[in-house]
Amino acid sequence: MDPNQKRLSRRGALRAAGCGLGTLGLAQLLQASENPLAPKASHYAARAKRVIFLFMHGGPSSIDTFDPKERLIRDHGKPLPIKRPLAFADEAPGPLMKSPWAFKNGGQSGIPVSDLFPYTREMVDELCVIRSLVGEGVDHGAALLQTFTGSSTFVRPSIGAWTVYGLGTENQNLPGYITIKPTLSHGGAKNFGSAFLPGAFQGTPIGHSGMKVDEIKAEPIQYLVNKGLTAEQQRFELDMIQNINRKHQEVRAVDSNLEARIQAFELAFRMQTQAPEIFAVDKESDATKKMYGLDDPKTADFGWQCLLARRLCEKGVRFVQCTHSYKWDQHGDLFAKHTENAREVDKPIAGLLKDLKARGLLKDTLVVWAGEFGRTPISQGGNGRDHNPYGYTVWMAGGGVKPGFIYGATDDIGYHATEDRMHIHDWHATILHLMGMQHDKLTYKYSGRDFRLTDVAGVIHKKILV
Amino acid sequence: MSKQVLILLFVLGSMAASGQTAEQAEFFEKNVRPVLAEKCQMCHNAKAKTSGLDMSTGAAFFAGGASGSLINVETPEQSLLLMALSYEGTLKMPPMGKLKDDEIARIREWVKMGAPWPGVDRKAGAAAVSDSGTRKHGSAFSGEEWNFWAFQPVKKTAVPAVKNADWVRSPVDAFILQKLEEKGLRPAAKADKHVLLRRVTYDLHGLPPTEREISDFVADPSPDAFRKVVDRLLASPRYGEKWGRHWLDVARFADSTGNDEDHRYPYAFKYRDYVVDAFNSDLPYNQFVKEQIAGDLLPPEKGEGINRRGVIATGFLALGAKAIAQQDKQKMLYDVWDEQVDVTSKAFLGVTLACARCHDHKFDPLTQKDYYGMIGMFASTKSFKDSETHVSKLLFTPLVSKAEYEVHEKALALVANKGVDIDIVVDREKNLAQAKMIELLPAYMMAARKKLETAEGLDPLIIKRWIQHFNESEVPRAWLDDFHKADDAGALAVAAKFQESSRANLAEWSKKTARYRVVARKQIDEKNMLVEEPKHINEKDGFFRDVFSDSGPFGVKQRMIETAELKALRAEQKTLKDAVPPEPEMACAVTDDKPVVQKVLVRGDYTSLGEEAPKTFPLVIAGKDRLVVREGGGRRELAEWLASGSNPLTPRVMVNRIWLGHFGEGIVRTPDNFGRMGERPTHPELLDYLAAEFVEKGWSVKEVHRTLINSSTYQMASAPGPEHVKLDGENKLFSRFPRRRLLVEEMRDGMLAISGKLDLKMGGSLQSGFGTDGENSNDRLSISPEEQVRRTVYMPLRRANLPALFNLFDFGDATTPNGKRIVTNVAPQALFLMNSKFVSDQADVIAKSVLAEENQKVERLYLRVLNRAATAAEVDSALSYAASFRQRFPKMQEAEAWQSMTRILLASNEFIYVD
């Protein structure tokens, strides 16, 4: 059993031990033990204190973005030279298809990035481009679940839930794990859920992918806004609740649950007072807003997500996710749609990296960019690409990963990872490592065994660490 | 733990190979060690330990890695090492290329010798060797494992004698008191009448008592007043709605598939209603068990024909989470069967049999063969209409006779067949149109090459589409290179060739579609199912594919064709459609499929078949003379065995669940796991006493409730004294009643009940439609229970997006069996109570009705919300709150002040907790 889990079940023992303490001291003691989100020590020193996960739902094509393939230019139109692995498309394989985009080397590192991402290319010296990620799901549902929970088959706690379970969070006035505009499909909330971990560790959604930013702004977190009372009136009301709760508690012997709930109301009140300020993205300077593309309707949505992510991170939220959903699934019309998608996210992402760097946050914030898989080097239906989990590119930046670095490789057509293959379990193990957690020690006992994010696998890829 | 390891070592050690000969050592040094050194140890060494495996020393080699042991002593052919080297399964080693055949052959020979490694005492490594190998049943289990408490027959001991005999009102009390007296503890005092009524009403109904119920009970001085309340509560249909929900947690119930596409289970609600009804009618639990596993195979209670209730009951198996878009369909099926084993073994037996999918159970004496023995039963059961389609099709089962269902099916088939008639005409018309265009193909290509807008005898629109076709630079069309590169004369020649090949291709295509129409008819007549149409994208000739498909320059879309013949056919189809009788009643259920011969999957990999696993029940529970099913699918036999009463776990697990529902914790605190990693019973004799009585009294669940609730144990106060805290901190002795938080259902239903808004209509579905919705559509969300007034148990659950309120208040994930919900106290829950429209609305209605009272406003409020009389101080305090609220905030009306006061009580600890 993980020490964190022990802490959760220590309530009974504390109740027994706490009899002789004065009420105040006891209350504090109980609060510390009851609040599952209180900050906790990591297993060892962390390189990243927080994570911003930029999720490109649908599966951006690696060979059209960060993993150029000469051979596809040469053999454009020729049949696939290898046996096609399990595919999602149920039609015959098309021929090899070169990337319609040109690649240019960016920055000092000279890492090639296609013309889909000109702004990100300018920041490429910050990126650690991993070209050898390997997953197991050829359909979106399995691939999303594995990306976020490690398992492509079963519903398990999400990586954000594991993170706050392991580390707690620094700002008790905000949720520790926030997911902005999460997708409703392909597993939906299971992708940020806590599964068998206590519900306190699940991600708190800010709207969902079907909503417009303006609809979300009014009440970013559900139940955050009281529509009938002023803050003063509400404080008045809350004082009465607490007054009644205290009296209720007085005649009952020590019960940490009662105390925890009293504290939860205070926390909720602080959250509702302080959160609107944090969500007030509009108060940023024009220059900042421009940097994130808020001035352009095409980039405003993802720009808002990225800028909000930065604000949340600044305030000590442990794990923030932004989702561009559900756009990148180009079984057809690759050229037009990938162009449009990249246009929507490129500037905001570059803006986020620039801003984090300028504020000194990048060094201990891990930024992750990923889809649920890449896309095939062969065409589908003439002008699209099918799913490819067998070797695809994700990148990470900041938080202890090597900047301006290319890691791993796929074969010469970009179908399978061949060098430094990084399974999703390995990727998760490495991310947890950067957060100061040893993946095989971050466990939770459920149904008679110790579960972990990385199941029974996971190798930390040390070559990408600073 | 260490003791158990020792026993394991001993057992396995005794099976290990005997001493090694010099020849064997030489064989190893010559044929095996060099290969390991050269091909394996660069990754699998002490430092790199890739996949947790070190092959550099004998001891490490035999210890195995993350995938288990390399050597299977008993069936050497199934050794992981040989599987990996032979490239037969998914694990292929070494990754850079298969070893030479003769190298593999020698290693195989060495493994068959018993893998002698010079200088290594195999006894030391043996534990690891068979830890994940196939543990041979029976003989390999240690005495300790055979004797593990959970697998022993239920033993009914005499009710123990206690000192304080007056306290004993039910046999339960004697068992509880005995342990308390051993510790020198006295049970907590009896709870006050208000507390008791509130407790038992929430416990049995999930609702608060009404003012009338409170006054009746308080006014009833008779000694059996409480007993009468219990009888009243158990007789009400509200009981089944509360306790059915407990079972639905165990059955991981939801109304959609979850995982990927989240398709609706349109008839899932019938299973839910069945469960509610089963509790209300006190359906004997053994019957309840049997029906959920094999109700479709049991005769109906009355008359002949379909066992309607039984079919619906198998929703238990049918309604799990499914990844229906998984493309590895074989894996998907094994995942579904695995999920069925998981829910069956946890719900009824309290064992985690699904842990034995890839290897023998690590902690319990459950073998892989046991696991596949049950998998075989579910593999012989149909859970899909068609699992092979791109997105697998769910199975819906008619609840009417075959004959009746066929009338409906045939009517649908007529409509579909008329559709084929239409398709055939469309095919013909398309073909004619395209054949005409082919005659002009070179002319079109040349016109487009010259970027002409019009040309003699050509359709300008089609020229435009050809120009566009040539311009699609991102599409690889290597076959057009010659055309573009050549001069005009050369290009014309190329075009002529395309013309020729297109004629042939079109003729071929026409044959293909005709063949398909025949197949389609056959599918309709035999399976009542449409099959995928042939698509141009499957055509090998890229030119033909791109040019003649719907989006190509010569594409002809169906809607562009309109003839009198088609019009007439469509009208006929509409008439047929209108004549289709309404869909007969259906259920989401399972049915028997062809019985399979199931094999053990080595490491859970379906490409690595091991020995046959006959359909049977776990050996350690069912015993050595367990039934092996030789004919049929075995599901009915499984049902009979689970419900037989000779199986000790079924009654134990259920009485423990009922206990947990009343006392917050079970006698076994891990209700879904009675195995070694679960908790031991705090009161084993009591557990067995209850289990035995349960079976003796005809498996009546309501009788168990009566035994538990009419005890002194249940009627204790929840406030512990200092000695209770000291000696029974975790309440493992049940020295007091455990205070508990309301479940999300109780909180919501309770508020609606108090406001009078609760709609007590039972059953049916609030969800309509089939399949799923757009990826980012709001329809993917579960209906918000905050906008409904039916009881919470009737809220439909989209598994992938459960209601936010449920996520907030620890409902669980409705995906795995959950016999005990976790309780967390976090700030967002407080936000719901402080700010939600739902709570405000209920507070508003309650406040207004209280205001309408002439006097005793506060008293009424307390009685309705907290189910007790307010003290004088509380009355004063509430009145002065309302007054000062208005004084301080002059714009607020009296109703608003009282709404605030009501919300305060609804948000208070006293409301949310049951003493």
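Colleague: How many residues of chain A are in contact with chain B?

Modeller: First, a heads-up: this is a predicted model, where local features need pLDDT of at least 70, side-chain atom pairs count only at pLDDT 80 or more, and totals for chains, interfaces and linings use all residues. Residues are numbered from 1 along each chain as its sequence is written, while chains are lettered from A and ligands numbered from 1 in the order in which they are written. Two residues are in contact if their C-beta atoms, placed from the backbone, lie within 7 Å. On that basis, 79 residues of chain B meet a set in chain A that numbers 86.

Colleague: Which helix gives the largest share of the side of chain A that touches chain B?

Modeller: Helices here are DSSP runs of H or I with at least four residues (strands are E runs of at least two), numbered from the N terminus. H2, H6, H9, H10 and H13 of chain A each supply at least two residues of that side. The largest share, ten residues, belongs to H10(A).

Colleague: How do H9(A) and H10(A) run, roughly parallel or roughly antiparallel?

Modeller: Axes are lines fitted to C-alpha atoms, for helices over the stretch in contact, and angles run from 0 to 180 degrees between N-to-C directions. Here the axes lie 10 Å apart at an angle of about 170°. Angles under 35 degrees count as roughly parallel, over 145 as roughly antiparallel, 65 to 115 as roughly perpendicular and the rest as oblique. So H9(A) and H10(A) are roughly antiparallel.

Colleague: What radius of gyration does chain A have?

Modeller: It's taken over C-alpha atoms, and the globule rule is 2.2 Å times the number of residues to the power 0.38. For 466 residues the rule gives 23 Å, and chain A comes close to that, so it is as compact as a globular protein of that length. The radius of gyration of chain A is 24 Å.

Colleague: Which residue does a cis peptide bond join to Met93(B)?

Modeller: Omega of that bond is about -10°.
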